[in-house]
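Me: I have a structure open and want to go through it with you. Can we take it piece by piece?

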Amino acid sequence: MTSLSLKNVSKSYGSVEVLRDINMDINEGELIVFVGPSGCGKSTLLRMIAGLEKITGGELEIDGVVVNDVPPAQRGIAMVFQSYALYPHMTVYDNMAFALKLAGKSRDEIDKAVRAAADRLQLTAYLDRLPKALSGGQRQRVAIGRSIVRDPKVFLFDEPLSNLDAALRVATRIEIAQLKESMPESTMIYVTHDQVEAMTLATRIVVLHGGNIEQFGAPLDLYERPANTFVAQFIGSPAMNLLDAKVAATGAQTSLVMSDDGHADVPIASLDSDKGAAVKLGVRPEDLTVTDSDDFLISAEVEIVEALGETTVLYFRPKDGASALIAKLPGIHKIARGTSIRLTAAPEKLHLFDSEGQSFLYR
Ligand code: ADP
Ligand code: MG
């Protein structure tokens, strides 16, 4: 069942348009992640769904009802902010009970809801504490608890982990994944600029950039079939390499010549009109392998070697001096700086983009 639907939603502050014609349908029980660089409009979009920002164009539906003019408290939505926004003078218990008290629930009802949420979030031992006597991770759990007790239809999270240190971020991310598992019917929308959080948590990811949706799809779909060079380089780390190439032969398979004498036969269809066109060939660092063969994709001199044990990361620059490229080889490789190497990749791991950055798969 569709839980939330955005139809041509846009947002302007005065004459500045920050979101343009956003369309998406979110199903009940999904965990949707909005991901994109800082300033791309993620928080604005989330705040419009919450009712904290006015929608300047288009329609927002929740459970089939247009809610553009419905006040936040009546939308059945709870929002968790990056800054926690806890009441400092109230105990954990009172922070979690506050919204229910305001809603006029009975003391028994409130107690049951608060204790159930505390139990789920491992906060039972801290119910009498003030927020200042909690760690960052515990405070964030109280903020989540405060939203759970209201039993909302939709949970909204705006960068909930970005104030936590790296180790705690991973632990809390796993807790959020477990929380979602325990509430299969709840719909969640989660905003982050961190593609790892997006990949690990989402049922589907919305990649936002400059106020537009670049792609909306399942995490591994975005990884395997990015619609454009922006998504290709935003999802996955280190980012996908993009190489300059020219189309030599077209058809069900496209032959490319690379700027440094390398070549590639890519199993992606192209048109007669593509012949001779300048294109970008995309290949992920983890898909490159070292080869002795004359049948190579890239030939280059290694500039930097990072031996991490688990992987060896090579930084190199192709002969034509274009931008630096990266290869990520599994395990340990004894390759010295300054070594000339040739690299190749399996044809099915190659991506092809036109001069506008659009994937050949989505033309
Ligand atoms: P994100 O959360 O993706 O980092 P935001 O949604 O906060 O981005 O902001 C998107 C854009 O909207 C930014 O360029 C920001 O400067 C602009 N913006 C946000 N709030 C306002 C406002 N109240 N008035 C004018 N511009 C705003
Ligand atoms: Mg933001």
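**A loop residue, then the ligand and the rings**

Reply: At 41% relative accessibility, Ala85 counts as partly exposed, because that class runs between the 20% and 50% limits. Keep in mind that this is a predicted model.

Me: Where is Ala85 placed?

Reply: Ala85 is in the loop between strand 6 (77-80) and helix 2 (92-102). Ala85 also has a positive phi of about 55°, although it is not a glycine.

Me: And Gln122, what is its phi?

Reply: Gln122 has a positive phi of about 55°, and it is not a glycine either. Gln122 lies in the loop between helix 3 (107-120) and helix 4 (136-148).

Me: Does Gln122 count as buried or exposed?

Reply: Gln122 counts as exposed, because its relative accessibility is 53% and the exposed class starts over 50%.

Me: Switching to the ligand. Which residues are around ligand 1?

Reply: Tyr13, Val18, Pro37, Ser38, Gly39, Cys40, Gly41, Lys42, Ser43 and Thr44 are around ligand 1. By type, they divide into 4 nonpolar, 5 polar and 1 charged.

Me: Which atoms of Gly39 and Lys42 lie by an oxygen of ligand 1?

Reply: In both cases a backbone N or O atom. For Gly39 the distance to an oxygen atom of ligand 1 is 2.7 Å, and for Lys42 it is 2.9 Å. With Tyr13, a polar side-chain atom lies 3.3 Å from a nitrogen atom of ligand 1.

Me: How much of ligand 1 does the protein bury?

Reply: The protein buries 55% of the 570 Å² that ligand 1 exposes when taken alone.

Me: Which element gives the largest share of the shell?

Reply: Helix 1 (residues 42-50) does, with 3 residues of the shell around ligand 1.

Me: Is helix 1 mostly covered or mostly open?

Reply: Mostly covered, as 7 of the 9 residues of helix 1 are buried. The buried ones are Lys42, Thr44, Leu45, Leu46, Met48, Ile49 and Ala50. Just after helix 1, Gly51 takes a positive phi of about 95°.

Me: Now the rings. How many aromatic pairs are there?

Reply: The count comes to 4 aromatic pairs. Among them is a tilted pair, Phe157 and Tyr190, at 5.9 Å centre to centre with 40° between the planes.

Me: Where do Phe157 and Tyr190 sit in the chain?

Reply: Phe157 is in strand 7 (residues 154-158) and Tyr190 is in strand 8 (residues 187-192), so the pair links distant parts of the chain, 33 residues apart. Both Phe157 and Tyr190 are buried. Together with Phe155, they form one aromatic cluster.

Me: What about Phe230 and Phe234, how are the rings arranged?

Reply: Phe230 and Phe234 are stacked, 5.6 Å centre to centre with 15° between the planes. They are separated by about one helical turn, because they are 4 residues apart in helix 8 (residues 229-234). Phe234 counts as buried, at 18% relative accessibility.

Me: Last one. Which rings do Arg284 and Arg363 lie over?

Reply: Arg284 lies over the face of Tyr223, at 4.1 Å from the ring centre. Arg363 lies over the face of Phe360, at 3.8 Å from the ring centre.

Notes: Residues are numbered from 1 along each chain as its sequence is written. Chains are lettered from A and ligands numbered from 1 in the order in which they are written. This is a predicted model: local features need pLDDT of at least 70, side-chain atom pairs count only at pLDDT 80 or more; totals for chains, interfaces and linings use all residues. Side-chain values use heavy atoms; hydrogens and water are left out. A residue is near a molecule or strand if one of its heavy atoms lies within 4 Å of it. A polar contact is a pair of N or O atoms within 3.5 Å; within protein, one must be able to donate a hydrogen and the other to accept it, and residues adjacent in sequence count only if both atoms are side-chain atoms. Accessible areas come from the Shrake-Rupley method with a 1.4 Å probe; for residues, only the protein chains shown count as cover. Helices (H or I, at least four residues) and strands (E, at least two) are DSSP runs, numbered from the N terminus. Ala, Val, Leu, Ile, Met, Phe, Trp, Tyr, Cys and Pro count as nonpolar, Asp, Glu, Lys and Arg as charged, and the others, Gly among them, as polar. Rings of Phe, Tyr and Trp (its six-membered ring) pair if their centres lie within 6.5 Å; planes under 30 degrees apart count as stacked, over 60 as edge-to-face and the rest as tilted. Buried means under 20% relative accessible area, exposed over 50%, partly exposed in between (1.4 Å probe, protein chains only). A charge sits over a ring if NZ of Lys or CZ of Arg is within 6 Å of the ring centre and within 35 degrees of the ring normal.
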